[in-house]
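Student: Could you take me through the aromatic rings in this one? I'd like a close look at how they pair up and what sits around them.

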Amino acid sequence: MRAVTGERDERGTALRRVIDGWTQGRDGARFAVDVTSLPRAASHARIPDFVPEAVAGALAALGAGKPYAHQVEAWELIERGRSVVVATPTASGKTLCYNVPVLCALARDPEARALYLFPTKALARDQEQAVRALMEASGLAPAVAVYDGDTPADHRRAIRGSARVVITNPDMLHTGILPHHTRWAPFFARLGLVVVDELHQYRGVFGSHVANVMRRLGRVAAFHGSKPVFAASSATIRNPDDLAATLFGREVTLVSRSGAPSGPRTFMVYNPGFANEALGIRRSAIKAAARLSADLVAAGVKTLVFCQTRQSVEICLRYLRDRLASEGRDPSRVRGYRGGYLPSLRREIETSLRDGVLDAVVATNALELGIDVGALDAVVMAGYPGTIAALHQRGGRAGRRFGPSLSLLVAGPGPLDQFLAREPAYLTGSSPEAALVAPDNVEVLLAHLTCAAFELPFPKGERFGSLEASDTEAALECLADEGRLSLSGDRYYDIGSAFAAAQVSLRSAGESRVTVVGEESGEPLADVDGRRARLELHEQAVYQHEGETFEVTRLDLEARRAHVRPVDPVYYTAPVCHADVSVLEERERRAVPAGAVATGDVRVTEEVVAFKKIRFHTHENLGMGPVSLPPLSMDTEAVWLAPDAAAVPGLKHGPEGDLAAGLEGLGHALHQIASLRLMCDARDLSFVVRGAPGPTLFLYDAAAGGVGLAARLYDELPAALADTLRLVRGCGCARGCPSCVGPGEEGRPPVKLLAVAVASALAPDGEVR
């Protein structure tokens, strides 16, 4: 133990030397944030008396004989039949919060069963080993198995019959378990605990689908005579308890005060300098990440580097290895880790990293989740990962217990990266992110009611989840009118000729899916919803999938196929989309100093008319190409800002034209801020400026029917406008650039100034001054 502690102290000293060298060197001004948190001592609690002696002994044997206070809090709640969500930091021992109650149930009752849901196969396999070890240490037969798409057919019957703990994912539960629940009758009859890991991943359209899968799970379990308790873990977001309650359809207790120890953690943000300051083009974040990582590796600091795509992993890996080789170091001690590697190779890399054989690994988010990779000292992130929760999860992979650690974000050129580099409170304070789901989205709800009727007929008067009985019956009647269900006596039956769940993707709302296929091989690569296919898979589009780059050679909307061939271009493509918006129903409106803002239902008609070629890394516009596709209409939800040009100061070159330009710039920036506050992908929202009766900015939910993003943005609009003004004003450009309001054009008024004028006029008094 003393040798391990000494080695950790040496690495901590080396890490401190590297950080001091950076901040005191010529590049020191590029570090926008440098904050070190104090170490935190552990807060322990006694193992409760209800934990069987065999389980308590297993905990002691595995080094967990003195549990943390939050672990015991979760155990006691679950023992009382309460559903819980544990939202404590990365590496705080959340896994034991649900594993111990499962072990307690299994030790007491030889027929008890538990179901685990994980978002990725890799995490499921990793956790299978952890559960197996606990069961064996407790003297229980290790009847635990992963049941997913990779499970051999001859193993599935045995798992259904004998596994006491089944580990799967939402997709497999949706298509492979619930529709066949009669084969799982003994399992569902004794199902006592459902574990849902990485709860914050279930948001937006995907989360809305998963909430309905949970409704179906509860319905099937009740049919077989069980009412399981739910135990979930989540990253530290703003609303983990609300999210869990909506997903599970029941009251959930939050456990958020961590008792786990941590060493001193340093968080830094490095913002690369300009390659072309006039155009607002910054130097490559990948190159900067490789250079900084090389400094860490050279000092003996165990390092994990995160990149956004498979392609960027390979580029960063090459840069890092080349730099280390030029310094006379062994480049083979740095490996890549991403999807596309054979499972055996990924396990080998995980083991080598865990055993200290490697100095560094460059990875995609495949290593973001809780896979055990041992003791790391530093995490370097090449670009903002999309959510603050993901940033903290990645950074939490370093210093997972006692020693000093570093979490370093290398900012990319995008608006959010640059905003967060200037606004460190977002990254170091409490998270503003709230995960949203809308299980009652009409498209999503009707799809899952059909699946549920396939599983079990619906008697009149039954509620589906939190829906009232009258609303459930109205939805069932709608499906009967469409010929998807039949009412016989007092029950609704599925009469579809197809397997219902197989027709429902958990990642789109109502639209037909388009399959991406290789032109030569004919092998499917991905499924994309119909709307996104028009934006990303038109002919000549550059389509990026898991770090690989393809050109679309043909889009056949009738056959729902997009044919692609691999390419290595210097640019990516962005659609030029014309959208018309008509308001169907205005739900709420409020006056603001220079006009009004409102929210409600809208009909959007989108038509992709062209595409732009944008150079990788610098974001230069290299030209355009035409697109010929029919328009697409959908009903969704929106929030809109309608300023009065006469009340906006600073519009000097024709108020209406200046106002429209200012709204376009404001939309570009507000769109990014909205994705931050709403914890969604920027593609989940779209914006458009329309001019009747006067220029109006619409931000609308990109999913048919909406998933609650617009309504939440309406509520948070004052704070979002304040953030947008900070983003735009804080950017160093003069006229506008890709990092704030989009590029300005010579000969026209500066978009940046117009956007600031419009946002300032719309913001409530005192909100942004």
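Tutor: Ring pairs tie Tyr147, Trp184, Phe187 and Phe188 together into a cluster. Rings of Phe, Tyr and Trp (its six-membered ring) pair if their centres lie within 6.5 Å. Keep in mind that this is a predicted model, where local features need pLDDT of at least 70 and side-chain atom pairs count only at pLDDT 80 or more, while totals for chains, interfaces and linings use all residues. Residues are numbered from 1 along each chain as its sequence is written, and side-chain values use heavy atoms, with hydrogens and water left out.

By the pairing rule, the count comes to 13 aromatic pairs. Take Tyr202 and Phe206: their ring centres are 5.5 Å apart and their planes are at 50°, so this pair is tilted. For the angle names, planes under 30 degrees apart count as stacked, over 60 as edge-to-face and the rest as tilted.

Now, are these two buried or exposed? Tyr202 has 1% relative accessibility, so it counts as buried, and Phe206, at 16%, counts as buried too. Here buried means under 20% relative accessible area, exposed over 50%, and partly exposed in between (1.4 Å probe, protein chains only).

A charge sits over a ring if NZ of Lys or CZ of Arg is within 6 Å of the ring centre and within 35 degrees of the ring normal. Elsewhere, the charged end of Arg394 sits over the ring of Phe306, 5.0 Å from its centre.
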